[in-house]
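Me: I have a model open on my screen. Please show me how to read it, one feature at a time.

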Amino acid sequence: MSDHRQVAVKDRRAEPTGPGRRAARRSGGDDRPPPEEPPASRRSSGRSPRRGGLSLSRWIGIGVTGLLVLGTLGGYKVYHDIEDKFKKVDLDAELGNNRPPETGALNVLIVGSDSREGAGNKRYGQHMQGLGERTDTIMLLHISPDRDRATLLSFPRDSMVQVPQCKSPQTKAIIPPGLKMINATFNEGGIACTWRTIESLTQIHIDHFVKVDFSGFKNIVDALGGVPICVSKDVVDPKAKLNLKAGTHVVKGETALAYVRARYQMGDGSDLSRIKRQQVFLNQVMKKATGSDLLTDPIKLSSFLQAAAGSLTMDSHLNVNRMMEIAQSAKKLTAKGLQAITVPWMPDPADKNRVVWKPEAATLFEAIRSDTEVTPPAKDAAKPKVKNEQVRVQVLNGTGRFGVAGEVATKLAAQGFVVIQTGNAGPATGVATTSVRYAKAETEGPAYGDALALRLSGDKLTPVAGKMRGTNVQNYAPTIPVTAPPKGPIIQLVIGADWKGVRVPAKIPDSLKGNVVDSKTDPCQ
């Protein structure tokens with residue numbers, strides 16, 4: 001059973017609802033896309049009406065752009081000179097200790113703020129200064145343990161999700177848990193509430209957060225000398241203040257802002273269509289950042305950092321040393337290694353102006369959650385190179401919990417292992433320690449055992465000579481029958497109480513490949 005705690009469609013009406021929730025539903029049953037702005041009764045209580053002007057859902061990619069550009073920089077002095085310009089927030093007390101485990105990957109929560117504070121932001125609504133901030137941009141950037149691949153998850157702002165109990169950063173009042181639109185977490189409970197909500201929904205450990213305001217986007221794009229975009233037809237969007245002829249353009253400043261915020265004259269007019277276009281824009285930013293002289297020209301680099309730093313807010317642990325660590329480990333990360341995808345969604349049956357997540361979201365979260373760091377064994381010329389398809393596996397459940405062997409067998413079979421049997425191991429109280437075992441007489445046992453051990457989460461297990469006796473052993477019938485079973489040794493996986501799971505490859509599931517935006521995606525929208 002998945003750890004994904006999404007809003008189940010069939011249980012939707014049984015969930016507790018906030019005051020006035022049903023009254024806030026729009027009449028009619030049309031199939032219109034989620035609205036540009038939440039209905040008034042859905043807005044955070046105690047806040048002023050929704051402010052007009054620019055919305056950060058139109059700026060998906062701002063924070064990740066800055067983070068990835070910063071992550072490719074080198075030199076302690078570069079960071080040291082600008083560290084004081086970054087705004088820092090200590091969230092340790094609010095996040096608590098009951099959190100998903102770390103895996104060796106780097107996961108960064110990125111949100112955009114529509115604050116009008118500061119000289120660079122007040123031009124977008126000077127009369128709105130002092131009214132606080134909201135976000136419609138919520139993303140999770142996942143960088144693999146070896147730092148050469150990245151996945152950017154975009155969470156639709158109209159997603160109805162279960163939100164944990166939070167605390168108002170202004171009044172310190174307790175905000176009760178319940179079913180809410182996901183962007184309400186930041187509006188009501190601040191970044192700590194959004195952080196805790198994403199962790200509870202995905203069970204992915206978040207390491208850091210970055211918040212970006214209006215001026216940050218322009219600073220980043222302008223520092224790159226503009227970003228190339230393409231439109232397939234003439235675009236005239238008065239609301240976005242965008243006027244472009246069909247063809248390719250290099251956009252900067254206000255034009256870049258207008259392009260990423262345009263909605264009604266591009267795509268199908270929905271916020272979700274705009275998200276995909278913004279993901280394409282982000283890939284263009286990555287190409288420009290990794291292919292320009294910004295990172296090697298000290299004058300350009302210094303100017304960029306000085307301008308961008310004041311637009312970013314980070315958690316207190318994202319310090320100079322951590323940035324240096326990211327910089328060194330992210331050198332292999334290029335635009336080709338970045339994939340962007342929106343959490344799979346469908347219209348909410350209870351309100352077609354909102355969305356809920358499809359079951360495929362659980363598979364996507366698990367792939368990211370299981371992308372853990374495993375230290376490969378030392379190279380041994382005497383050991384043959386063994387592929388998953390060559391390994392026969394017997395899976396024995398020593399946890400005392402029903403069904404674990406079957407679940408593990410299914411995941412191993414999906415990665416090519418030839419699972420032949422499942423069963424139980426040890427006393428009714430269970431086995432304490434997980435182990436990978438082979439018959440004492442098998443000289444190739446260690447090599448075949450290593451192939452299996454590398455696909456298990458947690459510390460690398462050393463295969464053990466000698467097998468355990470299984471009980472209730474049954475033959476395993478894979479979904480796709482194996483026509484030519486391998487002839488190598490049978491490796492035994494004994495699942496103990498310390499079991500950490502199967503290391504699922506962190507790749508986009510095949511069923512979602514059509515929704516992926518990467519460096520090969522046609523940029524002409």
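Reply: Start with the definition of the elements. Helices (H or I, at least four residues) and strands (E, at least two) are DSSP runs, numbered from the N terminus. In this protein there are 13 helices and 23 strands. This is a predicted model: local features need pLDDT of at least 70, side-chain atom pairs count only at pLDDT 80 or more, and totals for chains, interfaces and linings use all residues. Residues are numbered from 1 along each chain as its sequence is written, and side-chain values use heavy atoms, with hydrogens and water left out.

Me: What percentage of the residues in the protein is buried?
Reply: Cut-offs come before the count. Buried means under 20% relative accessible area, exposed means over 50%, and partly exposed lies in between (1.4 Å probe, protein chains only). Of the 525 residues here, 53% are buried. Accessible areas come from the Shrake-Rupley method with a 1.4 Å probe; for residues, only the protein chains shown count as cover. The protein exposes about 23,600 Å², and carbon and sulfur atoms supply 52% of that area.

Me: How do I read contacts?
Reply: A contact means heavy atoms within 4.5 Å. Take the contacts with a separation of 6 or more: residues 24 or more positions apart account for 77% of them.

Me: Which strands pair with E9?
Reply: Two strands pair if DSSP finds at least two bridges between them. Strand E2 (residues 106-112) pairs with E9 in the parallel sense, over 5 bridges. There, Val108 has His208 as its bridge partner. Strand E14 (residues 312-315) pairs with E9 in the antiparallel sense, over 3 bridges. Here Val210 stands opposite Met314.

Me: How many disulfides does the structure hold?
Reply: A disulfide is a covalent bond between the sulfur atoms of two cysteines. The cut-off used is a pair of cysteine sulfur atoms within 2.5 Å. The structure holds 1. It joins Cys166 to Cys193, S to S 2.1 Å. Cys166 lies in strand E6 (residues 166-167) and Cys193 in helix H5 (residues 184-202), so the pair ties together parts that are 27 residues apart in sequence. The link of Cys166 and Cys193 is right-handed, with 75 degrees about the S-S bond. Both cysteines are buried.

Me: How many salt bridges does the structure hold?
Reply: A salt bridge is a side-chain nitrogen of Lys or Arg within 4 Å of a carboxyl oxygen of Asp or Glu. The structure holds 6. One of them joins Glu188 and Lys180 (3.2 Å, N to O). Glu188 is partly exposed at 22% relative accessible area, whereas Lys180 is buried at 19%.

Me: Which residue forms a salt bridge with Lys411?
Reply: Glu366 does, with the closest N and O atoms 2.8 Å apart. Lys411 lies in helix H12 (residues 404-414) and Glu366 in helix H11 (residues 360-369), so the pair ties together parts that are 45 residues apart in sequence.

Me: And the pair of Asp450 and Lys460?
Reply: Their side chains meet in a salt bridge (2.8 Å, N to O). Asp450 is buried, at 7% relative accessible area. Lys460 is partly exposed at 22%. Elsewhere, salt bridges that share partners join Arg157, Asp158 and Arg354 into one network.
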